[in-house]
Structure formats: C-alpha cells, structure tokens
Amino acid sequence: LALYMGSVAVLAALMGPFHVVTVVATFVVFFQLNQINHTHVDLPRFPFKTLSWITAKHHVHHENMHKGNYATITLFYDKIFGTLD
C-alpha cells in the first residue's frame, strides 16, 4: 500500500494532480489484483498463465518471510530492490 501511495504521490508531483476518480479507480484495480495475487491460482491458459506465475512467486514470500518476493501485485519492485527469489 505504501508503494502504491508513494507511486501516486511521485507521479502527481511529476505530472500534476490527479482527479479523485482516477485515484479511486486505480486503488480498486490495485486492491483487486492484490486479492487475486493472494489466492495462489493455477490457471494454465493464456492470459492467466502469467497471473498464475506471479501468484506462485508471491507464495514463496508466504512460505518463508525472509526469502523475498515482497511486492504485492507485480515483481517489478522485487527486481529493482534485489529481493526477487
């Protein structure tokens, strides 16, 4: 949640203020993707195969809190901070 809010603040500083509906809509999408990420789904067909891979990678975080994969909906931040396992 902090990375989401930080991203909104940085983007608003760079691009100008956002409309409140934009922030609410992106938060809803973020929240829904975060919920899906914690379901550990296994859907082997396109386009869900990538989503299944991301949820499996995030599941590693819940197996051992010291292994990495701390990001919620994308592995982008784990890649940047070197915590991708």
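User: How many residues does helix H3 have, and what distance does H3 reach from its first C-alpha to its last?

Analyst: Helices here are DSSP runs (H or I, at least four residues), numbered from the N terminus. Helix H3 covers residues 48–63. The expected span is 1.5 Å times one less than the number of residues, and for H3 this expected value is 22 Å. Helix H3 has 16 residues and reaches 23 Å.

User: On what conventions do these values rest?

Analyst: This is a predicted model, in which local features need pLDDT of at least 70 and side-chain atom pairs count only at pLDDT 80 or more, while totals for chains, interfaces and linings use all residues. Residues are numbered from 1 along each chain as its sequence is written, and side-chain values use heavy atoms, with hydrogens and water left out.

User: Is His 58 buried, partly exposed or exposed?

Analyst: His 58 is located in helix H3. Buried means under 20% relative accessible area, exposed means over 50%, and partly exposed lies in between (1.4 Å probe, protein chains only). His 58 has a relative accessibility of 3%, so it is buried.

User: Against which helix do the buried residues of H3 pack?

Analyst: The buried residues of H3 include Ile 54, His 58 and Val 60. Contact is defined by heavy atoms within 4.5 Å. The buried residues of H3 pack against H2.

User: Why is the pair of Phe 27 and Phe 30 tilted?

Analyst: A search of the whole structure finds four aromatic pairs. Rings of Phe, Tyr and Trp (its six-membered ring) pair if their centres lie within 6.5 Å; planes under 30 degrees apart count as stacked, over 60 as edge-to-face and the rest as tilted. The centres of the Phe 27 and Phe 30 rings are 6.2 Å apart and their planes are at 40°, so the pair is tilted.

User: Which residue of this pair is buried?

Analyst: Phe 27 and Phe 30 both lie in helix H2, three residues apart, about one turn of the helix. Phe 27, at 33% relative accessibility, is partly exposed. The buried residue, with a relative accessible area of 10%, is Phe 30.

User: Which helix gives the largest share of the nonpolar patch?

Analyst: Patches are made of residues with over 30% relative accessible area and no salt bridge, and nonpolar side chains are joined within 5 Å. A salt bridge is a side-chain nitrogen of Lys or Arg within 4 Å of a carboxyl oxygen of Asp or Glu. The patch of about 740 Å² includes Leu 1, Met 5, Phe 27 and Phe 31. Its largest share, six residues, comes from helix H2.

Definitions and conventions:
Patch = residues over 30% accessible without salt bridge, like charges linked within 9 Å, V, L, I, M, F, W, Y side chains within 5 Å. Areas by Shrake-Rupley, 256 points an atom, 1.4 Å probe, with all protein chains shown as cover. Helix = DSSP H or I, 4+ residues; strand = E, 2+ residues; numbered from the N terminus.
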